[in-house]
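Hello,

Here is the structure you asked to look at. My notes on it follow below.

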Amino acid sequence: MARTPMIALHLLVALCILSSVRTSSSAPSDVDGFIGCLSAAIPPSLIHTPATNSYSSLLLASVRNLRYVLPGTTRPLLIVAVTEPAHVQATVVCGRRHSVRIRTRSGGHDYEGLSYASVDPDQHFAVLDLGELRAISIDASRSEAWVGSGATLGELYYAAAAANQTFGFPAGNCPTVGVGGHLSGGGFGALSRKYGLSADQVIDAVVVDAEGRLLNRSTMGKDLFWAIRGGGGESFGVVLSWKVRLVAVPETVTVFSIRRLRNESAVDLITKWQAISPALPRDLYLRVLVQNQQANFIALFLGRCGGLVDTMRARFPELGMTEQDCQEMSWVKSTVFFFYNTADRPAEVLLDRRNANYYLKVKSDHVAEPIPGEALESIWTKWLEKPEAALIMLDPYGGRMRSIPPSATPFPHRDYLYQFQFFSFWFENGTAALERRLSWVRGVYEDLTPYVSKNPRAVYVNYRDLDIGTNELEGNVTSYAKARVWGEKYFKGNFKRLAAVKSMVDPDDFFRNEQSIPPLPAAKR
Ligand code: FDA
């Protein structure tokens, strides 16, 4: 590690401000010692404390949920904006030595802000910001890429297509999502019916573990390599970069967006869609977005218009899709279309790391049996006509998703027909707006109980939801028994194996947050 001889003035000021911080949950944090330790290994210009002008702008640069910058939210003690792996190693080593916990932030899209904030005043932590670790290097001859965790999905899509128009990557529909959080939580998107999750295409990774060691696939061992591909990276270390397999897409793909109002059979079409969409050929992904009392059927077809029209006529004639609905384009332009609902923007918008900021609350679910039409009608009548109704997204599984065993990666929800998201976002400040939106999302979730996943209610970890439970301590580590309440909703039977991996790689529970995986108690092993 490089050593800098002097601690910059702003760090000395910060020492004075922060030296009184103490955590109530374990050994007191020695923040002064932490900053001194960091300063010996990391250029002071990369260490941003509340005393520096840069702190707020850096913190806010990748905050995606304004709920977690409201007064009362716990902010990081400092942010280390690392530029090389050794900085990450030093931050972990210094954090361990001085009892300051670390939260890692790649793209900052965590629905509950866990990468940069907490609603628990007892949480004291520093943020490792990986935004500068975003190099992407493509080996076109092997259809592989190394991608830094700080890259965004849009940057990865753009780089893959620039190397070869027939390279794609299965990942989410929002280009500003960070690779680090997305791949470590799974990663679902428009190519998942054909190629599975992003995590299914990971072939190597570089991780800094709780000892500060730099590990790759062969040195980390198969259990840790399994855990970071869907178990949420934050519990096991810091993933610096990922080697991924790029997948084949045709030079021309076809998309459509067909909107239907309620008086144009929207509910009837959604009812049919539930059984049809997971059984469609793998080359066709057909999702539904419900917003403003309209159902928007949006498709990506890995082929030309003619093939799409034939498939839709044979499998879903009720939608009435015709040649006029087709828009042919390159795959990379289809990723623009999926986010902006238009392909009129150039592919370069994928390189824009900025994102609209809004208040956000999301709840999600999975469906094993089609919900009866009458139930959907009554949900629509009761909930969707309200002004605070959320954007509802229905995303089909089936295809490759279903053919991967649920224990192959930590993501266990392979057999469902589709996933639901109630994505409530709003711009008005104030408690009244907040309460109204939260009640809407929680209310519709409650009313759907008879029709959705059960025992446990299945949630995808990348759709983080603190309503399903948060950690409590037992002695100095997170309670396994308490964590099962939320953990089995995310991971079902894989939760115990994740806890076993945690015991091996971080038995002291250094990498901890409100929903981090606890170590498995010795008695349960
Ligand atoms: P962020 O930096 O907030 O990290 C999320 C979690 O992962 C935190 O706990 C963090 O500590 C941890 N983490 C991050 N980087 C790490 C690293 N390098 N090593 C270890 N731990 C790390 N999902 C999906 O599957 N399909 C989709 O289409 C979408 N679409 C979407 C749209 C929008 C607008 C949002 C806000 C979110 C999504 N998501 C999604 C969810 C998204 O996949 C999820 O929030 C990811 O965790 C975000 O990753 P970031 O790196 O951006 O988040």
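Notes on the structure

Tryptophan 242 touches Ala145, Trp146, Val147, Ser149, Val179, Gly180, Leu183, Ser184, Val202, Asp204, Ala205 and Ile228, leaving aside residues up to four places away in sequence; contact means heavy atoms within 4.5 Å. This is a predicted model, where local features need pLDDT of at least 70 and side-chain atom pairs count only at pLDDT 80 or more, while totals for chains, interfaces and linings use all residues. Residues are numbered from 1 along each chain as its sequence is written, and side-chain values use heavy atoms, without hydrogens or water.

Trp242 is also among the residues that touch the most other members of the largest nonpolar core, which has 83 residues; the others are Ile228, Phe236 and Leu300. A nonpolar core is a set of buried Ala, Val, Leu, Ile, Met, Phe, Trp, Tyr and Cys residues joined through side-chain atoms within 4.5 Å. Buried means under 20% relative accessible area, exposed over 50%, and partly exposed in between (1.4 Å probe, protein chains only). A second, separate core has 45 residues, including Leu286 and Val444.

There is an open sheet of 5 strands in the order β5-β6-β10-β8-β9, with antiparallel pairing. Its edge strands are β5 (136-139) and β9 (214-215). Strands are DSSP runs of E, at least two residues, and helices are runs of H or I, at least four, numbered from the N terminus; two strands pair if DSSP finds at least two bridges between them.

Serine 198 sits in the loop between α7 (192-195) and β8. Its relative accessible area is 0%, so Serine 198 is buried.

Regards
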